[in-house]
Amino acid sequence: MAAPENSAIKLNTAITRTQNLGHSGTGTDHFIYQRVSALALVPLLLWLVASLIASGGEYTALLQWLQQPWQSILLLCLIIAISWHSILGLQVIIEDYIQTEWLKLSSLLVMKFIFWFIVIAAAFLVLKIAL
């Protein structure tokens, strides 16, 4: 009769250890957003490669190409999609492998700050060339 009591204690201990570690449901949204951003990247990257090959890689041809409204809009979409996908992926890595809470939080904040700075700078440069 001692075995069932020990297993009940172990079960209770396992439940106690997992309580207050977060709620389910947030991981699914993150998973879906990462897959949607990956799907958005496929046609955008194919468009970019095809456009760069078609332009011949000449500087003036690339400037004229980027000054077309749809080209600059699609390039901005590509920049945002790449950054969003990267942020989501790095967030998962940081949350999974950094155990110290303050280091995890500061790493997430610094990572997001750097990516949004890059997005704003790249958008500014694309718009400066396009306009």
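Biologist: In this predicted model, at what angle do helix α4 (residues 69-97) and helix α5 (residues 101-130) pack?

Modeller: They pack at about 170°, and their axes are 10 Å apart.

Biologist: Why is α4 called roughly antiparallel to α5?

Modeller: Angles over 145 degrees count as roughly antiparallel. The angle here is about 170°, so α4 is roughly antiparallel to α5.

Biologist: What classes of residue make up the contact of α4 with α5?

Modeller: That contact has 17 nonpolar, five polar and three charged residues.

Biologist: How do you know what span to expect for α5?

Modeller: The expected span is 1.5 Å times one less than the number of residues. With 30 residues, α5 is expected to span 44 Å, and the distance from its first C-alpha to its last is 43 Å, which is close to that.

Biologist: Which residues of α5 are called buried, and what makes them so?

Modeller: Buried means under 20% relative accessible area. The residues of α5 that count as buried are K104, S107, L108, M111, F115, V119, V126 and A130. Their cover includes α3 (59-66) and α4.

Biologist: How much of the protein chain counts as buried?

Modeller: By that cut-off, 24% of its 131 residues do. The chain exposes about 9700 Å², with carbon and sulfur atoms supplying 71% of that area.

Biologist: What makes up the secondary structure of the protein chain?

Modeller: It comes to five helices and zero strands, in the order α-α-α-α-α from the N terminus on.

Notes:
Residues numbered from 1 in each chain as written. Predicted model: local features only at pLDDT ≥ 70, side-chain atom pairs only at ≥ 80, totals over all residues. Heavy atoms only, no water. Axes fitted to C-alpha atoms, helices over the stretch in contact; angles between N-to-C directions. Helix = DSSP H or I, 4+ residues; strand = E, 2+ residues; numbered from the N terminus. Parallel < 35°, antiparallel > 145°, perpendicular 65-115°, else oblique. Nonpolar A, V, L, I, M, F, W, Y, C, P; charged D, E, K, R; others polar. Buried < 20%, exposed > 50% of the residue type's maximum accessible area, 1.4 Å probe, protein only. Areas by Shrake-Rupley, 256 points an atom, 1.4 Å probe, with all protein chains shown as cover. Contact = heavy atoms within 4.5 Å.
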